[in-house]
Amino acid sequence: MADHEDDRTYVVVMNHEEQYSIWSADMDVPAGWTPVGHRGSREECLEYIEQVWTDLRPLSLRRQMAGEAH
């Protein structure tokens, strides 16, 4: 691993299962992922994800479990 600082800008993206990731801002977002409107350094984007992605279960699993609970 290189010892240089990562000075790239990233965007936070989310897929249809409401799972988050980061993507380099200078690249097209891959199919199936949508920018959520947050951009910044790698660390800033990962901190944002840590704040908003509190339930790591995929959306389909959360829906299935909610249906079984009723």
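**Reading contacts in a predicted model**

The structure holds 3 salt bridges.

Author: This is a predicted model, in which local features need pLDDT of at least 70 and side-chain atom pairs count only at pLDDT 80 or more, while totals for chains, interfaces and linings use all residues. Residues are numbered from 1 along each chain as its sequence is written, and side-chain values use heavy atoms, with hydrogens and water left out.

Reader: How many salt bridges does the structure hold, and what is a salt bridge?

Author: Side chains of opposite charge can pair when their charged atoms come close. A salt bridge is a side-chain nitrogen of Lys or Arg within 4 Å of a carboxyl oxygen of Asp or Glu. The structure holds 3 of them. Glu18 and Arg62 form one, at 2.5 Å from N to O. Glu18 lies in the loop between β1 and β2 and Arg62 in helix α2, so the pair ties together parts that are 44 residues apart in sequence. Helices (H or I, at least four residues) and strands (E, at least two) are DSSP runs, numbered from the N terminus. Another salt bridge joins Arg57 to Asp55, with the closest N and O atoms 2.6 Å apart.

Reader: Is Arg62 buried or exposed?

Author: Buried means under 20% relative accessible area, exposed over 50%, and partly exposed in between (1.4 Å probe, protein chains only). Arg62 has 18% relative accessibility and therefore counts as buried.

Reader: Which residues is Arg62 in contact with, leaving aside its neighbours within four places in sequence?

Author: Contact means heavy atoms within 4.5 Å. On that basis, Arg62 touches Glu17, Glu18, Asp55 and Arg57, its neighbours within four places in sequence being left aside.

Reader: How is an aromatic pair described, and which rings pair here?

Author: A pair of aromatic rings is described by the distance of the centres and the angle of the planes. Rings of Phe, Tyr and Trp (its six-membered ring) pair if their centres lie within 6.5 Å; planes under 30 degrees apart count as stacked, over 60 as edge-to-face and the rest as tilted. The structure holds 1 aromatic pair. The ring centres of Tyr20 and Trp53 are 5.8 Å apart and the planes stand at 50 degrees, so this pair is tilted. Tyr20 lies in strand β2 and Trp53 in the loop between α1 and α2, so the pair ties together parts 33 residues apart in sequence.
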